[in-house]
Structure formats: C-alpha cells, structure tokens
Amino acid sequence: MPSMVHSTEEEHEIKERDVRSLSSFHHSQNGPYMHKVGVPPKQNLFKEFSHTVKETFFADDPLRPFKDQPRSKKFILGIQAVFPILEWGRSYNLTKFRGDLIAGLTIASLCIPQDIGYAKLANLDPQYGLYSSFVPPLIYACMGSSRDIAIGPVAVVSLLLGTLLQDEIDPLKNAAEYRRLAFTATFFAGITEVTLGFLRLGFLIDFLSHAAIVGFMGGAAITIALQQLKGFLGIKKFTKKSDIVSVMRSVFDSAHHGWNWQTIVIGASFLAFLLLAKYIGKKNRKFFWVPAIAPLISVILSTFFVFITRADKQGVQIVKHIEKGINPSSVNKIYWSGPYLGKGFRIGVVAGMIGLTEAMAIGRTFASMKDYQVDGNKEMVALGAMNVIGSLTSCYVSTGSFSRSAVNYMAGCRTAVSNIVMSVVVLLTLEFITPLFKYTPNAILASIIISAVISLIDYEAVVLIWKIDKFDFIACMGAFFGVVFVSVEIGLLIAVSISFAKILLQVTRPRTAILGKLPRTNVYRNTQQYPEATKVPGVLIVRVDSAIYFSNSNYIKERILRWLVDEEEKGVASHQPRIQFLIVEMSPVTDIDTSRIHAFEELYKSLQKRDVQLILANPGPIVINKLHASNFADLVGEDRIFLTVADAVASCSPKLVEDV
C-alpha cells in the first residue's frame, strides 16, 4: 500500500515537472536567436496628430512642387494648380488640335440630340440641355485634370433631378418656379463638389461601393427606358411616378386609345437603327464614329420625314419650339432665401454626389487606360466650379458622361480642348440651328435615350459580383430593385445604406482564424485554407484579421474564447493534451483602442482562471506602443511578446514543435 502511494506521488511530481517544463520561457543558450519586438520611439502629440492629418487629407503631398521654389515660381505653380490648362497649354500643338477637333465634332454630334432628350427627362425645356453643354465644358476644360472626360447632362442625374424636383413643384403648372428650384439645386450641387475638393474629402464618395453603383445605375437605366415609353408610344397622359408598376399600369391603361401607331413606327425604326449602329461600333472599333453620329442622323431624317409628311397633324408629338440664343443669366432666379432654399440644398447635395461619383469613375477609368494621373480633389473643384457658374447661366447639373467620354477617347482626343470644340458647336447650334429642331418627333428623342441608357446595365459586372462576393450582390440587387420598384431616391438610399451596412459588418464582425504549422517549415497559416497545416498540441494559435476597436472588441474576445472551448472539446475527444497556451497573431491588427485593451485584460484574466497562458505575436508599431502605454505589456510580460508565431511556439513548447 505505501509503495502504491509513493508511486502515485511520484507520477504526480513527474506530471507537474512536465507542465512546468512546457510552460517555461527559458531560452536555451544553444537555441536559435529570437529577436525581440521593437518599440518605436515615442512621438509627441502634435507630430502624431499632424502625421495622421497629412496621411488622411494630404496623402498625395500636393505642396511638394512648391518646395524650395522662389515666390514668383510658387505664384505661377499656384495658378497652374487651379487652372491646369496653363500648364499643358504651353506644349499644345497642331497635331494635338487635329485629334481634339475630330473628337470634339464627334461628341458634339452625339451630345446635341442627347441634351434635348435629357432636358425633357429633367422636366425642363430642350434648350436647357444645350445650355448645360455650352458653359460647363468650357469651365471644366480650364480647370479639370482629365484629358478624356466629356462634360454635359447625363441620363441618371437628369432623371434624379427631375424626380426630386417634381416632388416639390409641378413642372407644368409652375414652370418658372420649377426652373428656379432646378438652378438652386445646381448651385448647391456645385458648392458640395467644390467643398469636398477644397477640404480634400473625396474619399467620402468611395463609401458608395462599386456593387451598389452597378445596381443603382442598372435600375436607373430601366427606369429611364420605361419613362421614355410616353414619347415612344405617343401617350399624352402619363404617370408622374417612376416605379415600374405605375409606369406599366399607365402604359396598358392607355393602350386602346392613347397609343399612336405612326409614333411607334418612327420610334421602333430608329431605335433599331441606333442599336445596329451601336453593334457595328462595338464589333469594330474602327467604326466608333458610326454610333456617335447615328443619333444626329436619326434626328435629321426623322425631322425631315415629319416635316414633309406633316405627321404632327396625325398625332405625332414633336419638340416644337426651342429657344434660340446663348444662355441667359439666372443669378436672380436662384432661391437665396425662403422655404425652397433648404429644399434646393438637399436636392443639390444628392445630385452633386451622384454626379461626382459618376465623373470620378469615368475619369479614373480613362486615365488608367492612357497611363496618366487624375487629381481627384482638383476634379471635384473643377466639377463644382462648372456647376456653380452653370447655375448662374441657366444650366442644370452637368457631369462626366460615360458614353460621350468613350466616344471622345476612341475618336483620338488628346486634351480637354475637345470639350471646347464641342462647346463651340453647341454655341453655333443655339445661335443658328435650333429652329430646325421644331419638327423633331419626341419618339426619336425617346429612342436615343433608350439606346444610350442600355449601356448602363452591366450584366457582366453583376455576374462577376455574384462570383466574388454574395453580400456585394445583395447590395447590387437591393439598389436595383429599390430604383425599379419604388423610386430613384429610395434606390439611392438603399445603395448607401447597404454600403454602410457592409462596412459596419466588416468592422464589428472581423474574421478570425486558427493557424497551424505547414509541414517541413516554420510557417503558420489558416488551417481552413491549408488543411495540411497541423496544430501544435497544447497550443491554440488564433489570428485576428482586423484593426481592433470598441465596436468589435467584445466580439473578438468572445470569439477567441469560443475557439478555445471548441478546441478543448476536440482535444478531449481525440485524447490530445489540454491547451495551455493561447497565441494571438497580431500582424493584421493595424490599430487598437482603449476598449480593446480592456477586452484583452478581461481575456487575460479569463485565461488565467483556465490556467492558460496568453502570448502575443508580432504586434505592429502602433499596437505595441499602446500596449506599453496602457501597461498591458507588463501585465502579460515582456517575455511573452514575440516577433513571430514560430518564436512564440518554440519558446513555450520546443519539444512539441520539433515533433510536429
């Protein structure tokens, strides 16, 4: 009996000795050298704050060209920064002008019929669309940094503006007041864009995700096309609502008495012609000019046909009168006070943000194709300035047009002078040609708009979004169905809401992973991605793939403890040694705040109760600074913070690591 007791005590001592040896952090003199985690030198508060502000708002270092320059040179550089045309204009030559002239004439032939149609989409008289392709492109050519973007009214912003404005003022009963509100909204759209650029807040538009934009644009394209059924079918009484149910009900209710067969023939014939031209241009890039001039050819032919047949007497609706002459001043028409001031501000901010998003996407796309840089903040200031000045000269919100910019690019534009050429052509049109549009049928404008907005439906992007990220697909479809079945503003709200929801979800529920050791290496990787990676007995290695803030600190702590419980249960089932060490791999953790440090302290205490040792691996400079400042590094122990996971594992269980 005494021998049995002695044997039991001896086994207990051996087991305790094994545990102590496993938990020992003694570094053998013959073992590999382990580099300690470096603590960067402390910066004073002002330097740290100024560095953060610089990286947030001045990451592109805009003042770099002014460094070590004399005052006269700084003044010239300052003027060139505001008006880039003064910089690239010095090297402008006849060869470049030849390319810009051809491109400018080509996009002018496309923009004139589109502008007339887009103005009607915004519930404005046709000339206001032409006004918006005269003044704003001139301003942008002087201030913009993109060589390829073509400026003018666009379908989505026109629809958005028309929808929001008519909710406040009836465009038929109070046309003058409606125009005043449109100019007021345009003014504040410009102010919004200038403010974002001047304060270098362009990163705010990136919060609207690509998936949400794809869905919103696709939904807007469907809505715009449905709105054109009024002109395409010759319907006189049509719903003011934009949702698909209301539009289709209005279409079918007027089927027996409201449709005009001559209008349908004109619209369908020229729509087929426009789509064929588009197909030819897409098939062979040498024929890019075919879809570019097709709308103007359609307008000329249909106008001539209506004039000689007097189809307007048979119920074919025509444009009728377009005001002749250049933009009149609208300074005294903007609401500077009263109840419509706030409404104009609200509508302008929304329209300005959408216009800015579209223009920035277009500018960056073509800049990458030609391998040059577009200054986002300068672009915002330029777009805002042109809309502010445009609002004072009877224009409504203008931005970059994708279809016209694509034609501009393929036509061989070299600089923003192509916008100036287009503007001059529009000027000549306003002065001399507008009376010729009197007999232009509304059906042809509807056909032009339908053929233009079809390209906004990006099927390939939707399929790619589905393959890559299902949550992004939900955002895309949410925005799409919101626009199609409710309204443009609700669709936009859904797009923004889902984009923010995704950000919040990623911040509050970051990914965590269990790491294992890849065979014949000292590399530790996610066991789900690398099934061959083996877990170290007695050690749980967890990686946190996010910065750690108050919004996710409790989740991360609870998630780590759940991993621990799960692994302990698996260990018991498979007769593995119990977990004695928890290693947290912190290389993806870019920052940590006070809440998370408190959560780590709570985690440390919870682990102590379980007799599990907390170990940290590879904390970054910001993280290690904050851990030292909060004294958490002292709580855990300096000898329990390692440069790599391999060092951490080797220190706590060298024998087990060799066996793995």
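This is a dialogue on reading side-chain features in a predicted model.

User: What should I know about the numbering and the kind of model?

Analyst: Residues are numbered from 1 along each chain as its sequence is written, and side-chain values use heavy atoms, with hydrogens and water left out. The model is predicted, so local features need pLDDT of at least 70 and side-chain atom pairs count only at pLDDT 80 or more, while totals for chains, interfaces and linings use all residues.

User: How many salt bridges does the structure have?

Analyst: A salt bridge is a side-chain nitrogen of Lys or Arg within 4 Å of a carboxyl oxygen of Asp or Glu. By this rule there are 17 salt bridges. One of them joins D148 and K370, whose closest N and O atoms are 2.7 Å apart. D148 lies in the loop between α7 (135-143) and β1 (150-152), and K370 in helix α15 (residues 339-370), so the pair ties together parts that are 222 residues apart in sequence. Helices (H or I, at least four residues) and strands (E, at least two) are DSSP runs, numbered from the N terminus.

User: Is D148 buried or exposed?

Analyst: Buried means under 20% relative accessible area, exposed over 50%, and partly exposed in between (1.4 Å probe, protein chains only). D148 has 0% relative accessibility and therefore counts as buried. K370, at 28%, is partly exposed.

User: Which residue forms a salt bridge with D472, and where do the two lie?

Analyst: The partner of D472 is K502, with the closest N and O atoms 2.6 Å apart. D472 is in helix α21 (residues 470-485) and K502 in helix α22 (residues 488-508), 30 residues apart. D472 is buried at 16% relative accessibility, and K502 is buried with a relative accessible area of 16%.

User: What about E568 and R610?

Analyst: Their side chains meet in a salt bridge at 3.7 Å, N to O. E568 lies in helix α23 (residues 553-573) and R610 in the loop between α24 (594-609) and β7 (613-617), so this pair ties together parts 42 residues apart in sequence. E568 is partly exposed at 26%, and R610 is partly exposed at 35%. Elsewhere, E168, K343 and R346 are linked in a network of salt bridges.

User: How many aromatic pairs are there?

Analyst: Rings of Phe, Tyr and Trp (its six-membered ring) pair if their centres lie within 6.5 Å; planes under 30 degrees apart count as stacked, over 60 as edge-to-face and the rest as tilted. The structure holds 15 aromatic pairs. For Y128 and F183, the ring centres are 6.0 Å apart and the planes are at 50 degrees, so the pair is tilted. Y128 is in helix α6 (residues 126-131) and F183 in helix α9 (residues 175-198), 55 residues apart. Both Y128 and F183 are buried. F187, F188, W336 and F345 form one aromatic cluster.

User: Which charged residues lie over rings?

Analyst: A charge sits over a ring if NZ of Lys or CZ of Arg is within 6 Å of the ring centre and within 35 degrees of the ring normal. R180 lies over the face of Y335, 4.2 Å from the ring centre. The charged end of R559 is over the ring of W563, also 4.2 Å from its centre.
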